Amino acid sequence: MTRFSSSITDSLYFSKQAVFDGKKAIRGGIPFVFPQFGAWTFGPPHGFARIIRWNVEKSPERLPSGDIEAIFSIMDSEFTRSLWNSQFRLTYRLILREKELHFNIGVYNPSREDTFSFNLLLHTYFKVPDVRRCQITGLHGCTFVDKTRDNQIFQEGRDVVTVCEWTDRIYQNTQPEHIITNVVSGRKMRVQKYNFPDTVVWNPWQEKARDIPDFGDDEFPNMICVESGHVSSPVILLPGTAFEASQILQVLSKFDLLPG
Ligand code: TA6
């Protein structure tokens, strides 16, 4: 497949040790978390969507506007039903521009009788020269579940969040926009999200990095995960209804000012 490169795709982090064998999610990029966030009694952690083969509804194609569009989908199969007995159809439409990447997700429940519930999250890995220098806006005042401290709940008091140690937090009801400073080449990244109430911030730091086989011991300073999701509470989808969520990533120059 053609590889499209832009300043947005260059801003994503992939581990030097990433393995793409179809058995587990690649360490980097934007793994698609569905229908479960985190450990799962019935199947692989973070669900099956990041390990199964997706259908290509529309191969990446340049539109007259210059944008590149691609559409992918998954639906229930014998395999998915063996883990999660729900009928579903999920579409994933991507629009790539030089400095922007748009993600439009639709989840549909085709059943006539059965309701299902799910989590959804885009586990985005950003490439950064030094994670300690990144600042993340849009989290001030939000409660968060701290997975590094027995899932205790705290409230964020900082206007901008920095990451200087093992961090694994689910921020709840976050602002619809985050700016992350000092991503690759010192640029800023704008993350805009719709119907994704939560934002997960993760970096395993040195010690935890050693426990991740497909992640180099010295790579933790060069990535930060800022993940738009619906994970604190499940989405409940009634028969015959659909749920939509979207995200836009936009590369800004290092000279663009932070909001407010
Ligand atoms: O989104 C953060 C997180 O759930 C962390 O708890 C951490 O384990 C990370 O994802 C990576 O998970 P993975 O299954 O890809 O190793």
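**View 1. His46 sits in the loop between strand 1 (32–33) and strand 2 (55–62).** Strands here are DSSP runs of E, at least two residues long, numbered from the N terminus. This is a predicted model, in which local features need pLDDT of at least 70 and side-chain atom pairs pLDDT 80 or more, while totals for chains, interfaces and linings use all residues. Residues are numbered from 1 along each chain, and side-chain values use heavy atoms, without hydrogens or water. Is His46 buried or exposed? With a relative accessible area of 12%, His46 is buried (under 20%, with a 1.4 Å probe and protein chains only).

**View 2. Here are the neighbours of His46.** Leaving aside residues up to four places away in sequence, His46 touches Phe32, Val33, Phe34, Gln36, Phe37, Gly38 and His123 (contact: heavy atoms within 4.5 Å). A polar atom of the His46 side chain lies 2.7 Å from the backbone nitrogen of Gly38.

**View 3. Meet the largest nonpolar core, with its 64 residues.** Such a core joins buried Ala, Val, Leu, Ile, Met, Phe, Trp, Tyr and Cys residues through side-chain atoms within 4.5 Å. Phe32, Phe34 and Phe118 touch the most other members. Strand 14 (residues 223–237) gives the largest share of this core, six residues. Apart from it lies another core of seven residues, including Val33, Val145, Ile170 and Val231. In soluble globular proteins, nonpolar side chains tend to be buried together.

**View 4. Phe118 has its own set of partners.** Not counting residues up to four places away in sequence, Phe118 touches Phe34, Pro35, Trp84, Val107, His230, Pro234, Val235, Leu237 and Phe243.

Conventions: Buried < 20%, exposed > 50% of the residue type's maximum accessible area, 1.4 Å probe, protein only. Helix = DSSP H or I, 4+ residues; strand = E, 2+ residues; numbered from the N terminus. Polar contact = N/O pair within 3.5 Å; in protein donor to acceptor, adjacent residues only side chain to side chain.
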